[in-house]
Amino acid sequence: YGGVCDSKGNFVEESGFRENGNLAYSYEASDVIYKDENVLFVGFFLNCYGHGITDHIKKLWFFDTQEYKDLIAKNPQMKVIYIVEKNHPLPSWQKEIFHLAGIDYTSWEQVRALTCYKHIYIPENSLVNAHEYRMFTSEFRRTIDKIKSNIRPLDSTIPKIYFTRTGIRNYRRECGENRVENVFRKKGFRIYSPEKLTVQQQIALLMNCDEFASTEGSCAHNSIFCKPDTKVLILRKADYANSYQIMINEFAQLDVTYIDIHHSSNVDKKQPWHGPFYMYVSPYLKKYFHLAYCLPYWLDPLYWVY
């Protein structure tokens, strides 16, 4: 929970993590810190990379407008404020994304306690996230284009790229991807653990590749930086479709194929994206790559461990 309430206590939807999905929060008046300041609120941030290149940058368009310049001219002491989930510090990768977007975040102030300001300005969202649909605007495209314009190109293009999560080693949440990864390695894909790369390096790899593959989620969201018509393989870890990825597919004009690589029978039924996941070389992956054989999940000891 987090965001802005107006002077009457009404929650402002566009200040929350997403529209139509946040709840106003209750609080004790005695806990409120009062500041006679004018501030600009730029968002409620989660500690999740996929949101860092979608929801967390949806208000940055405002910094490139004449309206922002006029606002600062009238309020030269105005601060930029934000909230982070559970009051964690802003992640280093998020700072790098802001930097690539041409934003000087170093003077921003993280709000860690209930605070009442004189005036709070809230830019509209350039990415709408309501009722499980996603919609992007031309302002959001300009933000992504600005990030891409600040990327140093690679000396040589790597045509086939696979982003893996096996380097995270979270066996309680997902297991079996290493088998899938090996198939892609044999098919000529270069394997990368994105958490070991800078944001600059990740985007540089994807801006000029011809094929990109990844399991569905934050890793796959990086395809937002691919050039149009890039061949993208989204490997499904459970029986759900990530609506952010569907928006990204349209946004980047990608040539997308979804392939089920799971038998994730133990996932959270209400929120399957939380796992736990079991992945294997499925009949669908076998068919896609014309493999000679794949082991049924029920013959795999790892599945029974899962």
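User: What makes the second largest pocket a pocket, and how much space lies in it?

Analyst: About 760 Å³ of space lies in the second largest pocket. On a 1 Å grid over the protein atoms alone, a pocket is an open set of points with protein on both sides within 12 Å along at least five of seven lines, and lining residues have an atom within 4 Å of a point. The volume is the space filled by probe spheres set on the points, which are joined across faces, edges and corners. This is a predicted model, where local features need pLDDT of at least 70, side-chain atom pairs count only at pLDDT 80 or more, and totals for chains, interfaces and linings use all residues. Residues are numbered from 1 along each chain as its sequence is written, and side-chain values use heavy atoms, with hydrogens and water left out.

User: Which residues lie nearest the centre of the second largest pocket, and what gives the most to its lining?

Analyst: Of its 32 lining residues, Gly 3, Val 4, Cys 5, Tyr 25 and Thr 115 lie nearest the centre. Strands β1 (33-45), β2 (79-84) and β4 (115-121) each give two or more residues to this lining, and β4 gives the most, with 6. Strands here are DSSP runs of E with at least two residues, helices are runs of H or I with at least four, and both are numbered from the N terminus.

User: How do the residues of that lining divide by class?

Analyst: They divide into 20 nonpolar, 7 polar and 5 charged. Ala, Val, Leu, Ile, Met, Phe, Trp, Tyr, Cys and Pro count as nonpolar, Asp, Glu, Lys and Arg as charged, and the others, Gly among them, as polar.

User: And what is the volume of the largest pocket?

Analyst: The largest pocket has a volume of about 1500 Å³. Of the 48 residues lining it, Leu 46, Cys 48, His 51, Ser 218 and Trp 273 are the closest to its centre. Its lining has 19 nonpolar, 20 polar and 9 charged residues.

User: Why is a space called a cavity, and how many of 30 Å³ or more are there?

Analyst: A cavity is a set of grid points where a 1.4 Å probe fits but cannot get out. By this rule there are 2 cavities of 30 Å³ or more. The largest, of about 60 Å³, has a lining that includes Phe 17, Phe 44, Asp 55 and His 56.

User: What makes a set of residues a nonpolar core, and which have the most contacts inside the largest one?

Analyst: The set must be buried Ala, Val, Leu, Ile, Met, Phe, Trp, Tyr and Cys residues joined through side-chain atoms within 4.5 Å. Buried means under 20% relative accessible area (1.4 Å probe, protein chains only). The largest core has 52 residues, and Phe 63, Trp 108 and Ile 161 have the most contacts inside it. Helix α6 (residues 199-207) gives the most to this core, with 6 residues. Apart from it lies another core of 24 residues, among them Ala 238, Val 267, Tyr 280 and Tyr 306.

User: How do you know that the buried residues of α5 line one face of the helix?

Analyst: In α5 (residues 177-186), the buried residues are Glu 177, Val 180, Glu 181, Val 183 and Phe 184. Seen down the axis, they fall within an arc of 155°, so they line one face of the helix. The arc is that of the directions from the helix axis to the C-beta atoms. Their cover includes β7 (160-163), β9 (190-192) and α9 (283-289).

Key: Buried < 20%, exposed > 50% of the residue type's maximum accessible area, 1.4 Å probe, protein only. Contact = heavy atoms within 4.5 Å.
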